[in-house]
Each structure stands twice: as structure tokens, then as C-alpha cells.
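Welcome, and thanks for taking a look at this one with us. Below is a short briefing to read alongside the structure.

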Amino acid sequence: MSLDTVAWGTFIMTVCAGAIQSGTPVGFAALGETICERTGVINLGLEGIMLVGALTGVIVQVEMGNTTLALCAAGVAATLLSGIHAFMVVVLNSNQIVSGIAVSILGTGISSFFGRSYVGVRFDGIPKHGIPGLRSIPFIGEVVFQQDLLVYLALVMALAVWFLLYRTRVGLQMRAIGEDPRIAYEQGVPVRRLRIIAILLGGFLAGIGGAYLSLAYTQVWAERMTSGQGIIAVGLVIVAGWRPLSALLAAYIFGGLTVLHPNLQALGTTASPFLVKMLPYLITLLALIVSTLKYEKRGQGLPAALMRQFLPGRS
Amino acid sequence: MTAESGNHYRERVSDLLRWASVALTPLSAILLALLLLSALLLAAGREPVSTLWAIAVSAFGSIGGLTETLTRMTPLLLCALAAGIPAKAGLFNIGGEGQLYCGAIGATAIVIYMPGLPHSLTIPAMVLAAMTAGALWAAIPGILRGALKVNEVLVSLMLNYVAVYLVEHLVHGPWKDSSALGWPYSLSFPGWAVLPTLGNSNVHLGLLFGLVATCLVYFLIKYTVWGFSIRVIESSQRTAYYSAIRVTSYLVILMALGGAMAGLAGLGEVSVIQGRLKSGISPGYGYTGFLVAWLARKNLLAMVFVSFVVGGFYSGADALQLTAGLPAATVDIFMGLVFLAFLVDEYLRTRSEAGKRLRVV
């Protein structure tokens, strides 16, 4: 075997392993957003919500050193922030895009404001225990079974969201209000309550995703460290056709593109790092265009009531 | 007084009231947001009243402060137009940030690649290049929206990140100035490539561009057939389509026009404020501009007023960042709060209007 093939083998393996790890934060956010959009609400605030989750995780981890607590706190803080979006969109019937952008800016500001004294602070991140026994399988073991617990939690979450949406009564109701809230309402489905629950759940998962980013992936807090991943998550949900399992898969592909750059350098290529960093955004954009064309043609996938406001009292 | 003139008088009054309500919405939203911000400052261990008072004084209390406010207002107004012009047809352009960066790239390209241009022609060429670059960048979501029905919100948002990386690539790579001591900067602009400024201040020609563009577009939309078509598109794309209005080309043109405005903002930042192209030339003017446009309820003339107030907050907070260590992120928090307060305000207003209508019927 020539050195080149060995190098390529390592390249593919590290990119695959890195794809799963760096796709996990977006994956969590995209799973939450899938639930949210299925009920007809788009949440562009995810960017700020992820950041608040990321910072809260770091603060609790640094001050108390308890990872479980840090993750829970991140989820709760993110849920609180997404509660603002829920209030604006569902209770006050505001424009979903405008409210989302406002929440995004607010979350970014709050995380930068309170995160100043935590920039660059070192802490023990989430360790990669992997799964004993399976971790020594060549290639697959290294790619799949040498990850930390949260990576597997994301997989479980994807299955759970799938189960929720397709196999439970609440899930059916959620999908129904995303298609036609009025008819669902007339059938006795609590449209507003379910939308609020979906937005909060989406916020919670985005917070976990943010905390994973800071606690496990970078293991350090930096201002605006999500760099657009919240927006990407919203895009990936559309690309995945509002299906949870596809959303996680799309997140892994996005993750693979983001880890391309450091690994390409190891291969000895001299591609501009910034142009390579652009790739995930461009490819998500391209996928967005292709999938929109597909939905336009077939007229399926898109929750019909997405971004539409709903007031029970009026027609 | 005849009945006719009485009606006329009443119309005038209702016009005035409408104007007052347009002006009051941002004000009451800003007041509510100030209250919320005070609570937050208190939580962060700062004395809110004196902090906010200091911001107001340094933004509006002196000639120096006022010129800084006008300087900050310029990119905000231009970015508000970038969002506000497409909004006239119901489009969301949240790509002001990326279009600003593209405008900066366009302007810098003229300085780098056309050094032989007569000095008097350099600035006109830069203006043209910045507007074209911004317009082209904004036309992408416009075309995708118009022709393929791709959601322009996500496309314009994602292109922001692409544009920022493009600038980073340029200043780290091909456009990097070897005399900048290793810093990722382009060459610094020669004097004839700097927009004319007002006296010694940083208030530059961009502000005039913004004001003129505001008036031009305002009259275009209000008094021309072209503007009428846009209003038809806003109220119903279907109606517009059946009235043989070429919806797609209108959407693309409006987006491009908006992008050109953001491009001008990029020109001002790169030419006057920084004097060279580098990364991080905008602290989120594109996003704040979007908020300003909505805060002004998409009324172009109101955007001038709102961007002045918000510009004041930027300049005041900036001054306090230097003297009192107030984090720069305070502006982001404030903008988010203003906006949420605005949405609450909007809700209360529509509710009270609906109530009035019910009472009349």
C-alpha cells in the first residue's frame, strides 16, 4: 500500500468521524426545528438560542463542574429564550420571521454580554468514552463507536422525534396543525398550546446542540461561535423534507463539510481555508434550491400552514 | 364652512394622526425596551439610569457626539433601505450584511485594479462598483424567489456568511497588503478614494446618498405607475399576475435596488471609516437595518428618523465602551428588546383598532 492510499484512508476516516461530531450540534437544532416547523412555526431565532445554550453550558460547567447539570441548564436557558418567540408568534400573533430575527439578535447580544469573562476559559469538556467492545472494529469502530454519549443521544433523539411525529396522537395533531390549523382547531386540537410546546421543545434541543458545541466540540467559549449554524439548521430541515431522520443525516453531511478544511491541510492541499469554509453554506443553499424545486413539482413535504398566523377567534 | 372643506379638514387631521402614530410606535417601543434594558443592566451590576443618561448625552449632547451619531446612522439608513425597498413588495431581505460586505469588495476592487483611473473618476467608479456588487448579491435571492419560489429569507441570510468568508479570503489571500505588518488588511485607500466628509468629522457623502435615495424611492413608489404595480404586488401577487404585471422582474429589481443601498453602506465603511478592506467592518448593520425598516413600519421617510435614533444608541454605547467598559453587545441586546417591544406595541395597536371597528359597526 502506498503512502498516498494510507493518507487518503485516514483522511476519509477522520472526516467521517468529524462529520458525526461536528454535525451533532446542528443535528440537535434541526431535530427541534423539525418539530417546530411541522406545527407551522419557523424559528429563525435558533442562532441566538444555540448561543445562549452554549454559553449557559460553559458557565455551569466552569462554576460547578457538573456536565449533566450544565446540559440541563443550557436546555432550560434556551427554552426560556425560545419562550419569547412562542409568546410573540403564538400569543401576540406576530410575524414569525421578524420575531425570529429579533430573538436571534437578542440571544447573540445576551451571550456576548454575559460571556465576556468566560472567553478562552479552560474547562473539562465531555469525554469520548465510546462503546466498549465495538470501539476496536476497524474504520466503523473509529468513526461511529468512539464518540461521546451525546452523539448517541442525538441518534436516540432523532428516533424519538420520529416516534413522536408519526406514532403518537400528539404527533398526528402537531402535523395536522401544520397543515391546516383551522380544521384541526375545529376538531378540538389545542392549536396554540401545541405550537407553544413545539417551539419550547425546539428551543430546548437547540440549547443542547449549542451546549454540545461549546462543551464537547470546541471545549471553549467564543463570541458568536455558532457562526450561522442556527440558520443552517433551519435550512437543513427544509432540505430534509421535514423528516427527523433525514434532518440528522443532513446535519452529518454538513458536519463533514465543516471538518474538510483542517483535514485537507493534512493532505497537503493549499486550498484557501476561507473558501473551503464557505462550502457548507453554499452546498446547503444548493440543496435548499433543489429541494424547493422538488416540492414545487410534487406539492408535498412542506407543511401547508408554515409561517401562517393563526387566531382561533377569526377566520 | 362647506361640507366639502370640512371633509378636507378632517382628512388633514386623520393624516396628521396617522403620521403621529407612525412616529410614536418606534418611540413607545424604544421606551419599553429601555425599561427592559435597565432591568438587565441592573442584573449585570450597573446603575441603569446614569448609564442610559450617559449614552444619551454622549450621542446627542454635543456637536462631536451628534456627528458620530450621523456617522453611525449612515450605514443603518442604507441597510434599512436595503430591507425596506424589497419589503414594499412583501419580500424579506435579511441579507443586508452580506450585501454591505459585497459593496465593500466592489469599492476595494476599483482601488486595487484601477489605480490608473483619473483621481476625479475614482469615487464615481467606486460608487458604481459598490452598488453593482451589492445589487448582484441581492439579486441572487431575488431571482431564486421570483423564478423558482425559493424562500428568500434563508437564501439572503446564508449568503451573509458566504460574503463574510469571501472578504476574509480576499484580505488573507490575494488582496493582502504586504506592508500591513502581517495583518489581514487590503492596501490602505489613497486620499482620492476616500468619500468627501463634512469638515473634520466622519460624516460622509453616504449619508447624502441615503437621504436622496429615500426621497427618490418614496416618490417613485407613491406617484408612479411603477410604484403602483409594486403596491399591487404587495397586496396580492395573484392579482398582480392576472393584471399582467411582471411580478418576477419587479421582485428581482427591488431586491437588487435594496442590495445597491447596502453596497453603498459597505463603500462608506471601507472608504471613510476603515480606510481599507478588512474583516469585521460591520457590527451587524445589515441585521439592525432590517430591524430599523420594520420599526419604521416600512415607511421610507420614517426610516430616516428611526436610523438617527438607533445610530445615536450605537454612538453613545460606543463612547461608553471606551470610558466605562460597557460591552459592545449591549447594542445587540437593546436592538433585540426594541424589536420585541415593537411587536408587543403592534399587537396592542391592532387589538385596539379592531375593538374600535367593532364598536363602530
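**Briefing: salt bridges, an interface and a helix**

B:Glu234 is partly exposed, with 40% relative accessible area. Please keep in mind that this is a predicted model. Over all chains, the structure holds six salt bridges, and B:Glu234 takes part in one of them, with B:Lys298.

- In the pair of B:Glu234 and B:Lys298, the closest N and O atoms are 3.6 Å apart.
- Leaving aside residues up to four places away in sequence, B:Arg231 touches B:Ile221 and B:Lys222.
- B:Arg231 lies 9.1 Å from B:Gly90, C-alpha to C-alpha, although 141 residues separate them in sequence.

**Other salt bridges within chain B**

- B:Arg72 and B:Asp318 form a salt bridge with their closest N and O atoms 2.8 Å apart.
- Because B:Arg72 belongs to helix α3 (residues 63-87) and B:Asp318 to helix α12 (residues 300-324) of chain B, the pair ties together parts 246 residues apart in sequence.
- B:Arg72 counts as buried at 12% relative accessibility, whereas B:Asp318 counts as partly exposed at 28%.
- A network of salt bridges links B:Arg72 and B:Asp318 with B:Glu68.
- B:Glu152 and B:Arg145 meet in a salt bridge at 2.9 Å, N to O; B:Glu152 is buried at 3% relative accessible area, while B:Arg145 is partly exposed at 27%.

**Where chain B meets chain A**

- Contacts join 41 residues of chain B to 45 residues of chain A.
- About 4,000 Å² is buried between the two chains, and carbon and sulfur atoms give 85% of that area.
- One salt bridge is counted between chain B and chain A: A:Arg224 with B:Asp332, whose closest N and O atoms are 2.9 Å apart.
- Two residue pairs are in polar contact across this interface.
- On the chain B side, α1, α5, α6, α11 and α13 each supply at least two residues, and α6(B) gives the largest share, 13 residues.
- That side divides into 32 nonpolar, six polar and three charged residues.

**Helix α4 of chain A**

- This helix (residues 96-115) has 20 residues and reaches 28 Å from first C-alpha to last, close to the 28 Å expected.
- α4(A) is mostly covered, with 18 of its 20 residues buried.
- At its start, a side-chain oxygen of A:Asn95 comes to within 2.8 Å of the backbone nitrogen of A:Ile97.

Key. Residues are numbered from 1 along each chain as its sequence is written. Chains are lettered from A and ligands numbered from 1 in the order in which they are written. This is a predicted model: local features need pLDDT of at least 70, side-chain atom pairs count only at pLDDT 80 or more; totals for chains, interfaces and linings use all residues. Side-chain values use heavy atoms; hydrogens and water are left out. Contact means heavy atoms within 4.5 Å. Buried area is the accessible area (1.4 Å probe) that two parts lose on being put together, summed over both. A salt bridge is a side-chain nitrogen of Lys or Arg within 4 Å of a carboxyl oxygen of Asp or Glu. A polar contact is a pair of N or O atoms within 3.5 Å; within protein, one must be able to donate a hydrogen and the other to accept it, and residues adjacent in sequence count only if both atoms are side-chain atoms. Helices (H or I, at least four residues) and strands (E, at least two) are DSSP runs, numbered from the N terminus. Ala, Val, Leu, Ile, Met, Phe, Trp, Tyr, Cys and Pro count as nonpolar, Asp, Glu, Lys and Arg as charged, and the others, Gly among them, as polar. The expected span of a helix is 1.5 Å times one less than its number of residues. Buried means under 20% relative accessible area, exposed over 50%, partly exposed in between (1.4 Å probe, protein chains only).
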